[in-house]
Amino acid sequence: MSLATLHTTEHSNLPAVSTILFKAKAAHKLSFEEIGEHLGRNEVAAAAIFYGQAKASPEDIEKLADLLFIPQQALEDHLSGFPDRGHSVEMPPKEPLIYRLYEIVQNYGYAYKAVLNEKFGDGIMSAISFSTKVEKEVDEDGNDWAVITLRGKWLPFSRF
């Protein structure tokens, strides 16, 4: 299995701790699935911590320090604050996989909106009260299929 790594020259907007975390991840040959299991979190949530896109709890910091052999204080100094989300990807994205996710919303965004409005009324799906998972399916012909589940709380618009 290949492991995700970080090329810092391509990610100039990521926090400095990302480099530390990714180097330790590579040194210990850990997948995000394994890190997530150690944290008791979803693998996407674990990866989001590495990219500065999710807040690490004190327990997350303690477990990451233990798993990756990084001094806990060093992680506390970098991960105890609030994440600065939304800066790591330029729009439109240039990385092909991220662009394809963007393209899905570009091509089907209004269709999703229409169906969601018909089912739930006027509102939005939360990206804060939110969870996601990534699964791999293999069809009868041996083709790999990516299954991404997005689960967000429905937030109706308030009348004022």
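The report below covers annotated positions, a strand pair and a helix pair in this predicted model.

## Annotated active site

The UniProt record, an unreviewed entry, places its "active site" annotation on R100, E103 and S126. To find R100, go to helix α6, which spans residues 96–120; E103 is in helix α6 as well.

How accessible are these two?

## The β1–β2 hairpin

Next, turn to strand β1 (residues 123–138), which runs antiparallel to β2 and is joined to it by 12 bridges. Within this pair, G123 sits opposite P156 of β2. Five residues lie between the two strands of the hairpin, and G142 adopts a positive phi near 85°.

Is strand β2 largely buried or in the open? Strand β2 covers residues 144–156, and one of its 13 residues is buried, so the strand lies largely in the open.

## Packing of α2 and α3

Helix α2 (residues 32–39) packs against helix α3 (residues 43–50) at an angle of about 100°, and their axes are 8 Å apart. Because angles of 65 to 115 degrees fall in that class, α2 is roughly perpendicular to α3.

On the α2 side, the contact involves F32, E33, I35, G36 and L39, while α3 contributes E43, A46, A47, I49 and F50. Sorted by class, the α2 and α3 contact has seven nonpolar residues, two charged and one polar.

Key:
Residues numbered from 1 in each chain as written. Predicted model: local features only at pLDDT ≥ 70, side-chain atom pairs only at ≥ 80, totals over all residues. Heavy atoms only, no water. UniProt positions renumbered as here; feature names shortened; annotations may be inferred. Helix = DSSP H or I, 4+ residues; strand = E, 2+ residues; numbered from the N terminus. Buried < 20%, exposed > 50% of the residue type's maximum accessible area, 1.4 Å probe, protein only. Pairing = 2+ DSSP bridges. Axes fitted to C-alpha atoms, helices over the stretch in contact; angles between N-to-C directions. Parallel < 35°, antiparallel > 145°, perpendicular 65-115°, else oblique. Contact = heavy atoms within 4.5 Å. Nonpolar A, V, L, I, M, F, W, Y, C, P; charged D, E, K, R; others polar.
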